[in-house]
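Please keep the structure open beside you while you read.

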Amino acid sequence: MQRARIKLSCPAAASEFNPYKVLGVSRHSSQAEIKKAYKQLAREWHPDKNKDPGAEDMFIKVTKSYEILSNEERRANYDRFGQTDENQHHGQAPQGFRHFHDSFYFDQSFFHFTQSTRDFTDSKHLLRYDHYMNEVVPDSFKRPYLIKITSEWCFTCIHIEPIWKETVQELEAVGVGIGVVDIGYEKRLANHLGAHRTPSILGLINGKVTFFHYAISREHLRQFVESLLPQRLVEKVTDDNYLQFLNGWREENKPSVLLFDTVPTVPLLYKLTAFAYRDFVRFGYVDQGLTETIHILQQFNINTYAPTMLLFKENTEKPADVIQFRGMKKQIIDEFVSNNRFLLVPRLVNQKVFDELCPVKQFHRRRKYCVLLITGEDEAFVSVNDAFFDFASSNTKEVLRFAYVYQRQQQPLCDTLLKNEDMSPPQVIILERRSAAGKVLYRTVTGGWNGSDEDKHRLHEQLELLQRDPSFLTYDAMLPELNNEFASMFLIQWANVACDYLSQMYFDLLHSNWREMMPIVSLIFSALFILFGTVIIQAFSDSGEEKPPKQKANESPKTAESSPNAENTTSRPPKKNFVEVTELTDVTYTSNLVRLRPGHINVVLVLTDASKQVLLKKFAKEVYSFSGSQTLHYSFLNVDKHIQWMDTLLELAPDARPSDDEEEEGTPSCKQDYTGYVLALNGHKKYFCLFRPVFTGEEPDCSRSSDEDGGAARVRSRSSSRQRASTLQIHRKLDRLSLWMERLMEGTLPRHYVAAWPDLDSITPQK
């Protein structure tokens, strides 16, 4: 009875899944619309971005829907029959299990989900932690790995299984390593890889893990593997650069391989081979379909009907080895490159080449003798080196390896081998390595080496004697480690690695691999925060310590210099060590006030000819702290010339005039003294703020209050004001101007509006 209920529940559950509704598109939507909807939903429901508990399930549904609708065959199958791959083959058991799991308990054997049902493809690629760390990671420096994260109860993993099988068969044949991690049995390895959900697919190359983020298909997985490889593995070769490419063996000390094929892109198998042998061989690719490669095809008589590989050593006019085949086989290419990974007479440029060329003796029958020429780089050694190369080219014995070193480049090695005899280059030494620590048996060829026929004959006899009697090598020594002659190219190599790393970072950020990128992003932002904080602290400390020089008495008031008081601090440091103050005249009136830009304010000091020098110095000192603002401008108005403008302005704003009590104390016939007044004029909004001068010190009763103190200033008659001004310093009138400027910046000062600005054309006659 239970089995019947399970079967009946499956179609209902399957029919609820509608890929069109999940993606929010219609049945007539194009592939471009479906892809756009998928990208938006994938970004919205990605579990790394969306912390909703159902985000992972929704993300799986969105991915499934896109897989169905992006495939024309599967989309047509769903439109006709309402079926998808999962509800045809694998949908019934999981849906039935989920339906009854809340009320009943079933043993695993009820559904026949046992470990023995695991696919053979996954079984032979299962990874364990120790195997991964000891074998897979070191091997990733020779070939990339594609690893799948799965589990026994991952029903989504069943859906991708057909695609995974096809991809494994294709990529494994060309040399890509395959791995499968069961998260239920290898939790430690899964945590080490950073995989926290199933299914997940990741790539491993050079010990670095990269996650796959596209929809699972054979083409996407293939492109993902290609993206893991470095960008400059294979050089594109044409008629213009093939000679430069082949002659590069002198500088890089490597043979060169050229692949001729008709496809425009480099085959993946060739890229993988280039990655595996990148330390020994240089790889180039010639596209036979280009008109720029006709000359090189004719030069080497290339058959265009099948891919051809040419391997060049010291002779760039004739290849040292050739293979031609229709179907590329990894085994054939590996054997071809491996057997030719050294030049006929390579130069010992580092310890790695020495270890590969002259291996340590293991068995008597596997002895390898290294014939080493110690020479120089000068022109005088060219004929000697060529004679040694001719002798090595005629050698057919596998037990002999020929090489040379430059004495100046490998001075410690040459000193060790020539210490028993007083000899100078060129010299030929026969040696046999006995241990990886550097122990060797060696002997110097008697008579030296001048490249003559006699020298060649003598060397040939001694090599024949050595093969009959290994005790011919009479000296032993401990060789030092060879210098790396390519160390000078470290900056170039580092730049290339940095470029690849930045490209990988961009790829990870583009596809929201936040779990993998979070440590790096956190480190970058921490460094930027520390750097920014240091710069800010240094800027404030410098601004507090540095004081602008005092203004001299004969300096122009327009460029008055003054340092701010200790109490007049502001968050915006001044950009200049002076304050620029211009005179407000009929010429500058329009630009400095009437047509002033919105948001800008002109701070105008009112003065007379007698008080001009004193008040300008005090004004510059008070407003210096605010000169860093881009919206404040500074001017002065001479009331000896334009007192009528001040009277008209105050008449247009009655609330800015003194109160009735103040007017009663003064003489009505006397004119108002505006010396020391400061106006903040907003030309665009037609309002101004007013600062009235304040006297402090000897006679507090004579003080005047400004607008920010709330009350109206106590105004005296013009005669009494002039008498007190003669006894007090005029510059004390602006003592509280900095406080008024603070409130101006805060926007808390009273504003006096006018209908229009009065004209400044008339000049008051001098009395």
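Predicted model: local features only at pLDDT ≥ 70, side-chain atom pairs only at ≥ 80, totals over all residues.

Residues are numbered from 1 along each chain as its sequence is written, and side-chain values use heavy atoms, with hydrogens and water left out. Helices (H or I, at least four residues) and strands (E, at least two) are DSSP runs, numbered from the N terminus.

**The four-strand sheet**

- Four strands make an open sheet in the order S2-S1-S3-S4, and their pairing is mixed; two strands count as paired if DSSP finds at least two bridges between them.
- Strand S2 (177-182) and strand S4 (208-211) are the edges, each pairing on one side only.
- From one strand to the next, the twist averages 25°; the axes behind such angles are lines fitted to C-alpha atoms (for helices over the stretch in contact), and angles run from 0 to 180 degrees between N-to-C directions.
- Strand S1 (residues 145-150) and strand S3 (residues 200-205) run antiparallel and are joined by five bridges.
- Within this pairing, look for Ile149, which stands opposite Ser200 in S3.

**The five-strand sheet**

- A second open sheet has five strands in the order S5-S7-S6-S8-S9, with mixed pairing.
- Its edge strands are strand S5 (234-236) and strand S9 (321-324), each of which pairs on one side only.
- Neighbouring strands here are turned against each other by 20° on average, direction ignored.
- Three bridges pair S5 with strand S7 (residues 282-287) in the parallel sense, and Val234 stands opposite Phe283 in S7.

**Two backbone details**

- Thr198 and Pro199 are joined by a cis peptide bond, with omega at about -10°; Pro199 is found in the loop between helix H12 (187-193) and S3.
- Asn253 has a positive phi, near 60°, in a residue other than glycine, and lies in the loop between helix H15 (249-252) and strand S6 (256-261).

**A positive patch**

- Lys35, Lys39, Arg43 and Lys49 form a positive surface patch, and Arg43 is found in helix H3 (residues 31-45).
- Patch residues have over 30% relative accessible area and no salt bridge, with like charges joined within 9 Å.
- Accessible areas come from the Shrake-Rupley method with a 1.4 Å probe, and a salt bridge is a side-chain nitrogen of Lys or Arg within 4 Å of a carboxyl oxygen of Asp or Glu.

Terms used: Patch = residues over 30% accessible without salt bridge, like charges linked within 9 Å, V, L, I, M, F, W, Y side chains within 5 Å. Lys, Arg positive; Asp, Glu negative; His and termini not counted. Charge placed at Lys NZ, Arg CZ, Asp CG, Glu CD.
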